[in-house]
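Please open the model in your viewer and keep the selection tool at hand. The stops below go from one selection to the next.

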Amino acid sequence: MQAFQPLFSKDLWKDIHQQVPDLDRRTQKLKTNQLTLLISNAQLQEYRALRKISTSVLSDNLGQAIGLKSISHSQISRRLKTLPTKVSEMLFRRTLHKVAQKQGYGKIRQQLGKLYMIDASTISLCLSRYPWAVFRKSKAGVKIHLRLSFDGIALPDEVVITPAKIADRKKLDELIVEDKDALNIFDRGYVDYELFDDYCEKGIRFVTRLKNNAIMEFTGVERPVEEDGIIEEDVDIILGTGSRKMKHTLREVTIDDTINEPFTILTNDFELSAEELGEIYRYRWQIELFFKWLKQHAQIKHFYGTSETAVTNQILLALMTYCSLMLLKLEVEYPRDLLTLQRLLITCLFESYEEFLEKLRRRRRKAAKRINHEKIYQMTEHYIITEEDTGWLNDLIYDPVIL
């Protein structure tokens, strides 16, 4: 199980047992490390039901890999319900740390600094089955508040899981990065003038969107912009009015989007150019793409348990599985997308690491065979010049690659 090698680390489980004493004391059959591997495999295979997970253990390969001959779906459900969320969080953070170490510094971080995208995504649930996650009168839901670091690859850097009724901006303080080299990027759902003043005083940099109905005061400071450029306006403003008026000045940049209508961004960074700020805010879409990938290819819409603990554990283990895939991608230097790697991994999950690498090399060699269009053109031109009859060029059966 190449993607889950970090989970086999004895040092990792030693640390977990020190942090969470008596973790497996009363557990006879399904130990925590076995449960983690079982759920991670279910995430990778995109299993929706507990019975499918319990049936998969009957496979000789999986059973031998995790040390189980059989397990019932009810036992898996109970263990997910009783597993302390601290354990799942430690597994997620340890895997994330390994990915960060392997990644190093990319071009984006070198040019623009540390970029962190903050957003939240809601997963709808059935109110009768998840009463603790009440959202509206007839609806339930869980919300994933996420901070994503982006430097060429998207990594979930911090996560807070709550019932869906919790407003996004109430969790902003838990996700914001206070490092002066960091730039926090979030949408207008997080607009809070009091928080913005606090961030300005602490030197916490941010970029966000300005609401259409925002009341502002122009300070008189206006930066020059190119007449034919994408920047329409770059000015300093003070937001709010009366008791809600901000103490600190912010920067408003209006950017002409060639596809959609012009949009306005707001920041307390006065050093970056307006063009760089526009480019930085476009990176915010990486967190939208991440949520889309997670909902499509990880099991976070169909839960294996109904308790809050079980749901939280499943989401954290899904994020850990994503980080494990990303770590494998970096280690083998796989150039294609993560989904293709996931599908390839499933086909050879129980083969040796060397056999897995050999299959990757074979796919690369096949992909490396490219058609030499210049050579084909030269050979076709040669045939046309040297032969009087060129009618065969109009034949649909003719393939210029085979000459």
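Begin by selecting Thr254, whose bridge partner in β10 is Thr264. This is a predicted model, in which local features need pLDDT of at least 70 and side-chain atom pairs count only at pLDDT 80 or more, while totals for chains, interfaces and linings use all residues. Residues are numbered from 1 along each chain as its sequence is written, and side-chain values use heavy atoms, with hydrogens and water left out.

Is β9 buried or exposed? Because 6 of its 6 residues are buried, β9 is largely enclosed by the rest of the structure, where buried means under 20% relative accessible area, exposed over 50% and partly exposed in between (1.4 Å probe, protein chains only). Leu250, Glu252 and Thr254 point one way, and Arg251, Val253 and Ile255 the other.

Next, select Glu226, which lies in the loop between β7 (216-222) and β8 (231-239) and is exposed, with a relative accessible area of 60%.

Finish at Arg169, in the loop between β4 (154-163) and α8 (172-175; helices are DSSP runs of H or I, at least four residues); Arg169 is partly exposed, at 43% relative accessible area.

Methods. Helices (H or I, at least four residues) and strands (E, at least two) are DSSP runs, numbered from the N terminus. Two strands pair if DSSP finds at least two bridges between them.
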